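Let's take a walk through this one together. Have a look at the fold below, and then we'll pick out a few features.

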Amino acid sequence: MTVVFVPENYWNDMWFGLLIEGSALEVAAPNAPKKIGMYDGYVTVDFGRWHFHLCIGEHTASGPELGRIRRCSRAELYRRIGRDDTVTS
């Protein structure tokens, strides 16, 4: 499986976040990722001062049931357009 991760090239134009029942988080990247790696189904995007992990592949260390639950089932990308029709994020 080849993973192409957009933040490598377009980090300055992207915000990251998560949406779970009762919570939403939006974060702007402070710089280009210093490292992007994959281990046991998790992609790790490291910006230096902070990083995040996202289960996008087959996670086996915790067993098949937790591996299935932890894996993201979808991702969504949004674009904001200003009143003058320019892209704002």
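Start with the side chains of Glu 65 and Arg 68, which meet in a salt bridge at 2.7 Å, N to O. The rule here is a side-chain nitrogen of Lys or Arg within 4 Å of a carboxyl oxygen of Asp or Glu, and by it the count comes to 1 salt bridge. Both residues sit in helix H2 (residues 64-70), 3 residues apart, or about one turn of the helix. Helices are DSSP runs of H or I with at least four residues, strands are runs of E with at least two, and both are numbered from the N terminus. Glu 65 is partly exposed, at 47% relative accessibility; that label covers what lies between buried (under 20% relative accessible area) and exposed (over 50%), with a 1.4 Å probe and protein chains only.

A word on the source: this is a predicted model, where local features need pLDDT of at least 70, side-chain atom pairs count only at pLDDT 80 or more, and totals for chains, interfaces and linings use all residues. Residues are numbered from 1 along each chain as its sequence is written, and side-chain values use heavy atoms, leaving out hydrogens and water.

Now for the sheet. It is open, with 3 strands in the order S3-S4-S5 and antiparallel pairing. Strand S3 (35-39) and strand S5 (51-55) are at the edges with a single partner strand each, so one side of each has no neighbour in the sheet. Strands count as paired if DSSP finds at least two bridges between them; strand S4 (residues 42-46) and S5 are joined by 5. Along that antiparallel pair, Thr 44 stands opposite His 53 in S5.
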